[in-house]
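Subject: Structure for you to look at

Hello,

I am handing over the structure we spoke about. Please open it alongside these notes.

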Amino acid sequence: MKEEDESFVVDFVGGAVGHRLRSGEGRGQALAKAAGFTKGRTPRIVDATAGLGRDAFLLASLGADVTLIERSAGMHAHLEDGIRRALEAGGAYAETAARMTLLHGDSRELLKELSPEVVIVDPMHPPRHNTALVKKEMRVLRELVGADPDQVQLMEVALAHATKRVVLKWPLRADPMPGIRKPSHQILGKNTRYDVFMIFGKTTDIED
């Protein structure tokens, strides 16, 4: 990592992520709806592009068992440290972190072994010309993770191996990902949309 980024940490206890947990935001959030949370159902989820881990932490805070996959060794180390500190913080932070399983590897291969119910795919998007890009965490993420040139292939693998749904997190006004079938439905946020691809005709070893 560059010297200017040595102070970068993945923080699930303080900042925006900790505030989100303390505020008690529930299953009515767009991501939770897209992932298939309902009043009586908590899905098992694989976050195939873990990145900063924020979405995974949110979903775990709602009770889901979440497997995070990160192929960047540097980002994986930051996530590992963030989960460790959340466990050490105790209380709701530790309970949430305990539902997170972090894997280092290529999601295109690991998804074939995991047979997940729900897969979240949040590829690195082209830079937008706004103030969000100047944040250190986004600069570091881009330096460590890169541009995700194989995002279409990852979506194809996710669609082939998820048993219930795949959720593509995508810029609100962006064109659909090329080469991928039309989503079953979409859930719109302020700056983000969730393209939801329902999977039909598959069964799992564990009944709901």
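Below is what was found in it, taken region by region.

Please keep in mind that this is a predicted model.

Helix pair. Helix α6 covers residues 107-114 and helix α8 covers residues 151-161. Their axes come within 9 Å and cross at roughly 0°. Angles under 35 degrees count as roughly parallel, and α6 and α8 are therefore roughly parallel to each other. On the α6 side, the residues that meet α8 are S107, R108, L111 and K112. Their partners in α8 are Q153, L154, V157, A158 and H161. Sorted by class, this contact has four nonpolar, three polar and two charged residues.

Helix α3. This helix spans residues 54-61. Six of its eight residues are buried, so α3 is largely enclosed by the rest of the structure. The buried residues are D55, A56, F57, L58, L59 and A60. Just after α3 comes G63, which takes a positive phi of about 110°.

R99. This residue lies in the loop between α5 (91-97) and β3 (100-104). With a relative accessible area of 25%, R99 is partly exposed. Leaving aside neighbours within four places in sequence, R99 is in contact with A60, S61, G63, A64, D65 and V66. A60 is one of the buried residues of α3, and G63 is the residue with the positive phi. R99 and T67 are 32 residues apart in sequence, and their C-alpha atoms are 8.3 Å apart in space.

Regards

How values were computed
Residues are numbered from 1 along each chain as its sequence is written. This is a predicted model: local features need pLDDT of at least 70, side-chain atom pairs count only at pLDDT 80 or more; totals for chains, interfaces and linings use all residues. Side-chain values use heavy atoms; hydrogens and water are left out. Axes are lines fitted to C-alpha atoms, for helices over the stretch in contact, and angles run from 0 to 180 degrees between N-to-C directions. Helices (H or I, at least four residues) and strands (E, at least two) are DSSP runs, numbered from the N terminus. Angles under 35 degrees count as roughly parallel, over 145 as roughly antiparallel, 65 to 115 as roughly perpendicular and the rest as oblique. Contact means heavy atoms within 4.5 Å. Ala, Val, Leu, Ile, Met, Phe, Trp, Tyr, Cys and Pro count as nonpolar, Asp, Glu, Lys and Arg as charged, and the others, Gly among them, as polar. Buried means under 20% relative accessible area, exposed over 50%, partly exposed in between (1.4 Å probe, protein chains only).
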